Amino acid sequence: MEMVIVAPPAPGRLEDLKRRFFATPLQALLSLISLAIMVSTVWKLLNWAVFSAVFTTSGGPEACQAAAGACWSVIAARWRIILFGLYPFEEQWRSALACLTVVVMTVLSCIPAFWTGRRIALVWGAGAASYYVLMKGGVLGLSYVGEEAWGGLALTLFIFVTTCLIGFPLAVCLALLRRSELPWISRTTGLIIDGVRSLPLISILFTFAIVLPFALPQWLAGDKLYRVILGSALFFSAYQAEIVRGGMQGVPAGQEEAAMALGMSYWQRIGRILLPQAMRNALPATINQFVISFKETSLVVIVGFFEILASGNAAYGTGEWRFAYVEVYAFIAFIYFVFVFSLSRYGAFLERRMAVGER
Amino acid sequence: MVSLLRNQKVRNTLLQVVYVGSLAALVLAGIIIARRNLAEQGITSGFDFLYKSTGWDVNFSLLPATANDPYWWFFLIGIINTLFLGCTGLILATLVGTIVGLARTSANELAQLLGRTYVDIFRNIPLILQVFFWYALITHLPTPRAAHEAWGLLLTSRGLYVPAPNVGGVAMALATSAVIAAIALPVWLGRTSRLSQPFGQRATIQLAGAAAALACAAIILVVGRLPDAPLLDFPALQGLNLRGGLRVPPEFSALAIAIAIYGGSYIAEIVRGGFKSVGKGQMEAARSLGLSPWRVFTLVRLPLALRAMLPILANQYVWLMKATTMGIAVGFTDFFMIVALTINHSGQTLEVIGILMGGFLAINLSLAAVFNRINKAIALKGNQLRG
Amino acid sequence: MISSNSTKAGGPAVRIENLDKYYGTFHALRKVNLSVERGERIVICGPSGSGKSTMIRCINRLEQHNGGRITVLGTELNDDIGNIDGIRREVGMVFQHFNLFPHMTVLENCMIAPTLVRNQPRAEAEATARRYLEKVRIPEQAMKFPGQLSGGQQQRVAIARALCMQPQIMLFDEPTSALDPEMISEVLDVMVTLASDGMTMICVTHEMGFARRVADRVIFMDGGEIVEQAPPEEFFTASQNERTRQFLSQVLGH
């Protein structure tokens with residue numbers, strides 16, 4: 001990347017160091033300040049998180065609170081509730097396995113060999129289905145666990161995956177409708193997309209969770225969880241639709257003309273010529289959108305779901321661990337960080353690789 | 001019939017009618033069902049409720065508010081709270097973002113590393129988690145009794161206490177507008193006198209304008225202060241609680257800090273992108289003219305980078321404004337929380353959702369309008385430069 | 001061939017009557033009349049903006065005409081979707097910028113339309129594709145992607161792709177304008193071969209050598225009208241129209 005400037009083999013290390021960090025008085029000052037910030041932060045962090053920290057539950061909360069550093073015992077004591085929420089204790093291996101399914105699915109969809117419409121749909125369809133069966137049970141000798149008992153990381157991942165699974169095809173549809181030659185279709189769709197984009201996600205989640213049941217007949221209202229997922233998917237699709245449309249605009253008009261001249265029908269042109277090229281153009285932005293959407297999944301805590309943030313609040317909020325909120329939030333932040341950071345790094349890598357390919 | 005369906009024009013018309021018609025029918029059916037359901041609960045539709053008093057209170061308001069005030073007043077308070085939090089967060093985030101962004105573009109590798117670490121960490125943790133974290137941190141601070149004071153500031157679990165000027169509401173508003181004028185005046189003067197005045201005189205005029213406006217503000221504050229009171233009111237412990245000064249509630253601080261840090265990490269990337277987009281040739285040309293590094297930066301690099309940043313920055317600001325809705329997570333009465341509370345208490349669901357959409361549309365559109373004007377004003381003239 | 005039964009036999013290949021085309025308020029084609037016989041080779045030339053590309057793009061409905069009638073192989077080109085699809089199946093087109101599908105190999109480019117539109121079995125479509133790639137003299141490039149080929153090779157693939165649909169009429173829209181000079185002849189050679197096989201061809205091109213060798217008729221367009229049409233020898237030597245002579249001196253003068 002652009003950060004590392006490999007120095008040519010210099011005569012002395014000292015001179016090299018001097019050239020890189022102390023070339024001018026201003027540079028020297030900047031280097032010293034940066035160094036001071038770095039050293040003090042890293043030292044304080046390490047001291048807090050490792051050297052003075054308590055890792056075992058043996059001393060109980062009291063001993064932990066007395067320690068100068070982090071109290072990781074709270075994680076040791078409460079990690080199950082953070083990750084799996086109120087899922088029945090003996091069945092939590094199912095929850096863990098379901099999370100693993102999602103991770104495997106995500107990794108698989110990062111492999112170029114799976115980048116055809118059919119294969120990616122297969123991977124996600126199969127992944128979501130096996131997640132659902134694992135979590136809900138009722139078949140294959142698994143006991144039944146209703147959605148109201150799902151929670152923690154498992155619920156967060158479920159909401160994310162279903163949001164993408166519904167939102168992505170919806171986004172493609174919206175993008176196609178918006179670029180339609182028929183003025184009323186494209187204008188109406190534009191209105192929907194821009195309208196959704198101008199609203200905050202929270203207000204949409206709130207509307208779907210709490211207001212929508214008023215506007216639906218009883219038999220259609222369904223479970224609150226699925227309504228919220230629908231709202232989240234709608235929000236995702238409005239943003240993703242613009243990304244897909246951007247990708248479509250990157251495909252030269254001649255491509256569709258050539259397909260038309262060969263006698264291909266509308267759906268053949270879209271499916272075989274336009275979308276494969278548009279999706280490739282839109283790939284980096286799409287991954288970015290997935291990253292954003294994963295982070296935004298955390299907002300469902302506001303409409304009252306027991307996802308990882310809420311379960312984290314519960315983990316320290318009751319009884320003897322009240323003081324250990326920093327540790328709990330650090331743990332949750334770390335989980336998010338691992339997912340989001342690796343995905344966004346992968347996106348940046350793809351972007352660079354594609355930029356090279358174009359040259 | 002079949003041959004009619006094969007006709008392109010007939011088919012196109014039919015498709016449009018079916019699409020728009022079914023969407024309209026869906027929305028209409030929703031509204032009808034909702035009105036019937038609400039009517040069953042004894043809620044009559046209409047905007048009359050706006051004039052009824054709410055019966056509940058808000059925890060943060062820049063305007064006077066009591067439980068007797070009508071709903072429309074509370075909506076106004078909500079919008080102002082959202083704008084206030086949004087603007088505070090926006091300014092802080094821009095500050096953080098500029099510093100980190102400059103560190104990332106600096107020639108110093110240590111500063112680069114520092115900036116990059118910052119961005120990587122705070123960009124990748126959801127905003128709401130950061131809001132929760134700061135809120136927990138602030139509410140776990142010592143109680144007012146145990147808090148220690150520094151420079152007239154008090155950090156307590158009930159919020160941050162700062163010294164406040166002892167002035168009346170009218171004088172405060174006047175002074176605030178004078179300060180805004182002090183910022184706006186040099187910009188305006190710079191633009192109107194650009195052609196007629198040489199560079200040195202222009203700077204003098206601008207400085208004089210700003211100084212005059214600031215002096216005005218000071219005079220207003222001194223004259224308008226409350227009788228028999230010092231100009232600055234310091235917070236002090238009285239009994240179990242703190243009196244005097246201005247309390248910044250933990251909800252507001254947590255949100256502002258989180259938005260500043262999270263938004264700052266995004267703005268840092270925008271700033272970096274802006275600087276990266278400035279061509280090497282331009283800087284080489286500036287250097288070859290014999291300009292000092294500082295002049296190269298202020299006269300060439302910064303103005304060009306700003307032009308590249310601004311459109312993306314505008315999007316980011318709109319996003320930040322929408323992020324204030326996370327207030328509901330910690331109980332800050334922003335516009336959205338007022339909406340949610342109103343739905344809970346009054347049951348006027350459809351009307352309030354309409355107000356919510358209208359409010360955000362208005363906020364987004366006015367922000368977009370402001371940025372379009374700025375964009376247009378600073379855009380490079382002519383189209384012969386590209387390519 | 002499967003194709004030849006689907007349209008009525010007899011009559012001219014293309015008949016254009018009183019064709020009008022507007023872009024907004026710009027009158028791009030003004031009451032154009034043209035009839036092309038089966039097996040006839042037409043070259044259309046004229047300054048840029050004269051409407052020549054617009055006219056041939058109307059023939060397979062890449063542009064929608066605003067007035068007049070177009071009849072292709074006995075079928076009128078109107079709002080009937082069946083007619084449009086039927087005509088496009090019988091009319092091949094080659095573009096200035098090739099418009100090959102960059103995400104498919106050369107072979108896939110040639111196979112996609114026959115398999116999707118004509119429902120040919122893949123094996124048969126592949127055999128046809130290889131035969132035509134042979135014909136345009138690049139059989140060895142079948143498994144490459146368009147981006148890996150030179151401009152001239154890409155244009156020959158584009159010709160092969162159009163031929164794989166076994167069309168009765170071929171439209172060429174400035175097929176050599178985007179090519180480097182040394183690649184023009186390889187494309188023209190293929191087009192000459194095609195002409196000698198008896199294909200109905202309508203070519204928009206400024207290659208006057210090609211027109212002289214191959215064309216049955218040369219048409220000069222200007223300002224959205226057909227100004228003059230004549231057999232090549234007459235067109236190049238004894239043109240009656242001032243605008244034509246001026247144009248020819250510009251094209252041939254350099």
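Predicted model: local features only at pLDDT ≥ 70, side-chain atom pairs only at ≥ 80, totals over all residues.
Residues are numbered from 1 along each chain as its sequence is written, and chains are lettered from A and ligands numbered from 1 in the order in which they are written. Local features need pLDDT of at least 70, side-chain atom pairs count only at pLDDT 80 or more, totals for chains, interfaces and linings use all residues, and side-chain values use heavy atoms, with hydrogens and water left out.

**Exercise 1. Describe the contact between chain A and chain C.**

Step 1: count residues. Chain A brings 16 residues and chain C brings 20 residues. Contact means heavy atoms within 4.5 Å.

Step 2: take the area. About 1,600 Å² is buried between the two chains, and carbon and sulfur atoms give 65% of this. Buried area is the accessible area (1.4 Å probe) that two parts lose on being put together, summed over both. A:Glu257, A:Ala261 and A:Leu262 supply 35% of what chain A buries against chain C, more than any other three residues.

Step 3: look for charge pairs. There is 1 salt bridge between chain A and chain C. Its definition is a side-chain nitrogen of Lys or Arg within 4 Å of a carboxyl oxygen of Asp or Glu. The side chains of A:Glu257 and C:Arg57 form a salt bridge at 2.6 Å, N to O.

Step 4: assign the elements. On the chain A side, helix 12 (253-261) and helix 13 (266-296) each supply at least two residues. Helix 12 of chain A gives the most, with 7 residues. Helices (H or I, at least four residues) and strands (E, at least two) are DSSP runs, numbered from the N terminus.

**Exercise 2. Describe the contact between chain B and chain A.**

Step 1: count residues. Chain B has 55 residues in contact with 58 residues of chain A.

Step 2: take the area. It is about 4,900 Å², with 71% from carbon and sulfur atoms.

Step 3: look for charge pairs. The count between chain B and chain A is 0 salt bridges.

Step 4: find the leading element. Helix 2 (8-40) of chain B is among the elements that give two or more residues to the side touching chain A. Helix 2 of chain B gives the most, with 11 residues.

Step 5: sort the chain B side. It divides into 35 nonpolar, 13 polar and 7 charged residues. Ala, Val, Leu, Ile, Met, Phe, Trp, Tyr, Cys and Pro count as nonpolar, Asp, Glu, Lys and Arg as charged, and the others, Gly among them, as polar.

**Exercise 3. Trace the open sheet of 6 strands in chain C.**

Step 1: write the order. It runs 6-7-8-3-9-10, with mixed pairing. Two strands pair if DSSP finds at least two bridges between them.

Step 2: find the edges. Strand 6 (91-94) and strand 10 (225-230) of chain C each have a single partner strand, so one side of each lacks a neighbour in the sheet.

Step 3: check one pair. Strand 9 (residues 217-222) and strand 10 of chain C run antiparallel over 5 bridges. C:Ile219 has C:Gln229 of strand 10 as its bridge partner.

**Exercise 4. Trace the open sheet of 4 strands in chain C.**

Step 1: write the order. It is 2-1-4-5, with antiparallel pairing.

Step 2: find the edges. Strand 2 (26-36) and strand 5 (75-76) of chain C stand there, each with a single partner strand.

Step 3: check one pair. Strand 1 (residues 14-23) and strand 4 (residues 67-72) of chain C pair over 5 bridges. C:Ile16 stands opposite C:Ile70 in strand 4.
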